[in-house]
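Reader: I'd like to go through this one label by label. Tell me what stands behind each term you use.

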Amino acid sequence: MASFVDLIRGLVDDGEELNAAARFRLGKLIAKGGMGVVYEAEQIGAYGFSKKVALKLIEPSTAGQAEVVKAFIGEARLVARLVHPNIAQVYNLGRTSNHIFIVMEYVHSLNCQKLLARLAGQGARLPRDFAVYIVHRVLRGLAYAHGLRGDDGKPLGIVHRDAHLRNILVSFQGDVKLTDFGIARARGFLPKDSPDVIVGRPDFMSPEQITGQPLDLRSDVFTAGVVLATLLLNQNPFAGENLDDTRRRITTAPLPNFAALDSRIDPELQDILQRALEREPAQRYASAEAMMNDVERYLFINRVGPNTESLRRFMQDFQGPVNDDTRILSRAALDIPPLDETEHMVLPATNSLPLVGG
């Protein structure tokens, strides 16, 4: 009698596919960006199996643009390779007759922008060490992504380019996850930008990014420095009144004296900020790992710094009903065509989507 392994091997050798039916019941909208919309969803399998996931669909107004579709598929294929505790995971890429969707890890969380807003609403600020710890975890994820190599052993050259507050999730279990690689650069995965277009959120861009110059992983280091400054100060010191003012602040205006703006910033932390935010990439930290090492020494040498458990306890105060527009927008308001006639949209899984790119 053939063993189970032999039976499976026979199926594979014969070129047959193992088809596992999967359906997704969509719930609340949790995020909306320039290229995609993300819903809470329940993946439903056989024998009563269910799992909460996040489902990302192409934003309806851009769904017919070929470059957007290529970038969306490229993001899924790229992030599927990024298996790291500080990067939100991608599980699958599927399609229906009308939609392409990415099945992602659901992270019960607040993004950092919402976290700061919640604190400000309470007249509070993010504790200094938690701000530094969150950036430490982001740097861990970036260092991993920057170092990833392709099947040919050559670096993929990943640069996130958009690691701002909304793309950093702090879970109610104390985990920190970097998400949304939708405009990342990586060899062979994502279409090249038009030379006339600068993508990303301007007030978190590096000088080279906001001026349309060639960039590398050190651009993400600058962005991490902006994130750290923003989490500490509860405001972004580079955000200007308009794009020109923001560009000036990032490229030519003197850096603020962070210690004068926040007495919690001691000389060691001031040095970390200054080095991360050097205008010239050659003067900046050479890598996310190098900055991470300095942040780690700051947090943990000669003292007990924060950890996942202490951050979890801190985040428990923010758990509860969420009163923000991203959770109450209707599908009609987003002009998303219905996927079926039921109250919940249901997407059948498929593995037939052709691959795009190298």
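Author: Let's start with a cut-off: buried means under 20% relative accessible area, exposed means over 50%, and partly exposed is in between. Keep in mind that this is a predicted model.

Reader: Fine. Why is Arg 161 called buried?

Author: Arg 161 has a relative accessibility of 6%, which is under 20%, so it counts as buried. You'll find Arg 161 in the loop between α4 (128–147) and β7 (168–171).

Reader: What makes the backbone of Arg 161 worth a look?

Author: Its phi: Arg 161 is not a glycine, yet it has a positive phi of about 75°. Most residues other than glycine have a negative phi.

Reader: Which label does Asp 180 get, and why?

Author: Asp 180 is at 26% relative accessibility, which lies between 20% and 50%, so partly exposed is the label. Asp 180 sits in the loop between β8 and α5. Its phi is also positive, near 60°, and Asp 180 is a residue other than glycine.

Reader: What does Ser 206 touch, leaving aside neighbours within four places in sequence?

Author: Ser 219, Phe 222, Thr 223, Ile 250 and Arg 284. Contact here means heavy atoms within 4.5 Å.

Reader: On to the strands. How do you know that β1 and β2 pair?

Author: Pairing takes at least two bridges, and seven join strand β1 (residues 23–32) to β2, so the two strands pair. They run antiparallel. As one of the positions, Arg 23 stands opposite Ile 44 in β2.

Reader: What makes β2 and β3 a pair?

Author: Nine bridges, in the antiparallel sense, between β2 and strand β3 (residues 50–58). Among the facing residues, Gly 36 has Ile 58 in β3 as its bridge partner, and Glu 40 stands opposite Ala 54 in β3. The hairpin of β2 and β3 has five residues between the strands, and there Tyr 47 takes a positive phi near 60°.

Reader: Where does β3 go from there, and in which sense?

Author: β3 pairs with strand β5 (residues 100–105) in the antiparallel sense over five bridges. Lys 56 stands opposite Ile 102 in β5.

Reader: Why is β2 called mostly covered?

Author: Strand β2 covers residues 36–44, and seven of its nine residues are under 20% relative accessible area, so they count as buried.

Reader: What about the cavity: how many are there of 30 Å³ or more?

Author: One. The largest cavity has a volume of about 40 Å³, and Asp 180 is among the residues that line it, along with Glu 75, Met 104 and Phe 181.

Reader: What makes up its lining by class?

Author: Six nonpolar residues, one polar and two charged. Asp and Glu count as charged, so Asp 180 and Glu 75 belong to that class.

Reader: Last one: what do you have for the whole chain?

Author: The chain has 12 helices and nine strands. Of its 358 residues, 47% count as buried. Among contacts with a separation of 6 or more, 65% are between residues 24 or more positions apart. The accessible surface comes to about 17900 Å², with 51% belonging to carbon and sulfur atoms.

Key: Residues numbered from 1 in each chain as written. Predicted model: local features only at pLDDT ≥ 70, side-chain atom pairs only at ≥ 80, totals over all residues. Heavy atoms only, no water. 1 Å grid on protein atoms, 1.4 Å probe; cavity = no way out; pocket = protein on both sides within 12 Å on 5 of 7 lines; lining within 4 Å. Points joined across faces, edges and corners; volume = space filled by probe spheres on them. Buried < 20%, exposed > 50% of the residue type's maximum accessible area, 1.4 Å probe, protein only. Helix = DSSP H or I, 4+ residues; strand = E, 2+ residues; numbered from the N terminus. Areas by Shrake-Rupley, 256 points an atom, 1.4 Å probe, with all protein chains shown as cover.
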